[in-house]
Amino acid sequence: MLDVRQDFPAIAAGAGHFLDSAASALKPRAVLEAMNQFAGTVYANVHRGAYRLSTTSTELYEKARSRAAEFIGASNPDEVVLCRGTTTGLNMVAAGWGGEHLRPGDRILLTVMEHHANIVPWQMVARRTGAVLDYVGITEDGHLDRDGFVRKLDLQPRVVAFTGMSNVLGSIPPAAALAEAARATGALVVVDGAQLVPHRPVDVQSIGADFLAFSGHKLLGPTGIGVLWGRPERLEEMEPTEGGGEMIANVELDHSTWARIPHRFEAGTPPIIEAVGLTAAFDYLDEIGMESVAAHDAELTNYALKRLSEVEQLRIQGPLTGEDRGGAISFTLGDVHPHDLATILDQRQVSVRAGHHCAKPLMRVLGMPATARASISVYTNNEDIDALISGLEEASGLFGI
Amino acid sequence: MALEELYREVILDHYRNPRNRTALEEPHAAAEGVNPLCGDEVTVELTFGGDVVAGVSVRGHGCSISQSSGSMMGEAIKGLDREAISVLSRRFQESLTSEDSNSESEFGELAALQGVRRYPVRVKCALLPWTTLDEALSA
């Protein structure tokens, strides 16, 4: 079990039992200090000035790109687009690749457990292009329906996009196997890595997808920055979705040409300070080691599943065992509404998410409008889980169940 | 403040046994309210005999606060005329949102919801049926 709580100033400042890391993670001091230090010393805009500060800033910004590439096993930093986050990355692929290549009747295959960020952009491009959406379901125990997935592949989807780890169920689909099968049919494969990348070692070579998007802020880094990784040939096929400074090779009055990849996808002044914070987050996680992060996550997930299963009338939505699942655990307690649970738990300094988790189609499949969700990060410990259980017992008492 | 002040028995009773759930066949006034943040939903339907509420239906799903507030609201407005309803609605909403409130006595059962004042994020739950009612009346 990791013991890194002292690295997180928010915990000392009273964050309490913070169990909403799947929404956004707390930041280690190393990330905060790196940004502060940078902004207060050598900060300037990037890729523009010939002066010393700008050159240094550019080097540090580009360092984030190469660290991102290393972190996910990409062979070349040019395969990494720095963007606002997972949502922006997925929108870029849907509009920029899908908008160029999808034709009326082309199928876009998603899963019912996607976050809205991996549904709505595809709906938008489907409306524009006449492509149609298709969905793979889930099994009774909250995993992706692999047989259903294979059957849907027979329909020759042009795009297959799925989550690396469900933000509601916690289930971790076999990304490499799914990507291999989907690519064999000629589909573009897009992985939403928002929940997976912060919790498991991820290697884009072994997953074998075409695109992977993830966010800095769920990875102990700052908000406002994330990564879209893409195979270079796929990035070349993708149109920029934003025009402006920085993304051009040449601009005439009536037309422009684009800069080379990945810069053509980074119009305007990028999140420079955040890039420095993201580098610090990669460094921090690599120092712990992603294998250790995954082991910590698995151990606590198993502990939480065990303790939760002992609570009367508590129902876990998602896999009941730690196998192929991560530490995002959704549940309901009797007829207590999740918002009431969140309020009761909050009185004990236990922060959980309550609601539809930006996954309304999945909530419909589960047959409930809302769940409560506790989620785990490197700073989570057994006491956080124990506090959750005590709070749930109090809720049971208050509601007489 | 203890959570018992928020989750009073009368609130849990209305949550579990909501009143006036049957849809009205031909409502004279109706509105649907949604809190997009949390997904809570309330539908309010009214019929009038002259200016006075004759039939009420309040349906929806959501947390104990929004649903009990709707159930108690339906009971409270039966037999009131439009003017009296809008006064009650305004005064009740003010009682939850204004700085100081000492008007518990005028609200009967609804006073049980005053506990929500201490939980700012939950005030909107208690208000949802009332803003939906306002919308139905102004349509």
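Is the crossing of α2(B) and α4(B) right-handed or left-handed? In this predicted model, local features need pLDDT of at least 70 and side-chain atom pairs count only at pLDDT 80 or more, while totals for chains, interfaces and linings use all residues. Residues are numbered from 1 along each chain as its sequence is written, chains are lettered from A in the order in which they are written, and side-chain values use heavy atoms, with hydrogens and water left out.

The crossing of α2(B) and α4(B) is right-handed, meaning that the near helix is turned clockwise from the far one by less than a right angle. Helices here are DSSP runs (H or I, at least four residues), numbered from the N terminus. The axes, lines fitted to C-alpha atoms over the stretch in contact, with angles from 0 to 180 degrees between N-to-C directions, come within 8 Å and cross at roughly 40 degrees. Contact (heavy atoms within 4.5 Å) involves, among others, M73(B) of α2(B) and W130(B) of α4(B).

Turning to the partner chain, 18 residues from chain B meet 14 residues from chain A. About 1400 Å² is buried between the two chains, 57% of it from carbon and sulfur atoms; buried area is the accessible area (1.4 Å probe) lost on putting two parts together, summed over both. L3(B), Y7(B) and R16(B) supply 37% of what chain B buries against chain A, more than any other three residues.

The interface also holds 2 salt bridges (a side-chain nitrogen of Lys or Arg within 4 Å of a carboxyl oxygen of Asp or Glu). R122(B) pairs in this way with D340(A), the closest N and O atoms being 2.7 Å apart, and R122(B) also belongs to the contact of α2(B) with α4(B).

Terms used. Helices (H or I, at least four residues) and strands (E, at least two) are DSSP runs, numbered from the N terminus.
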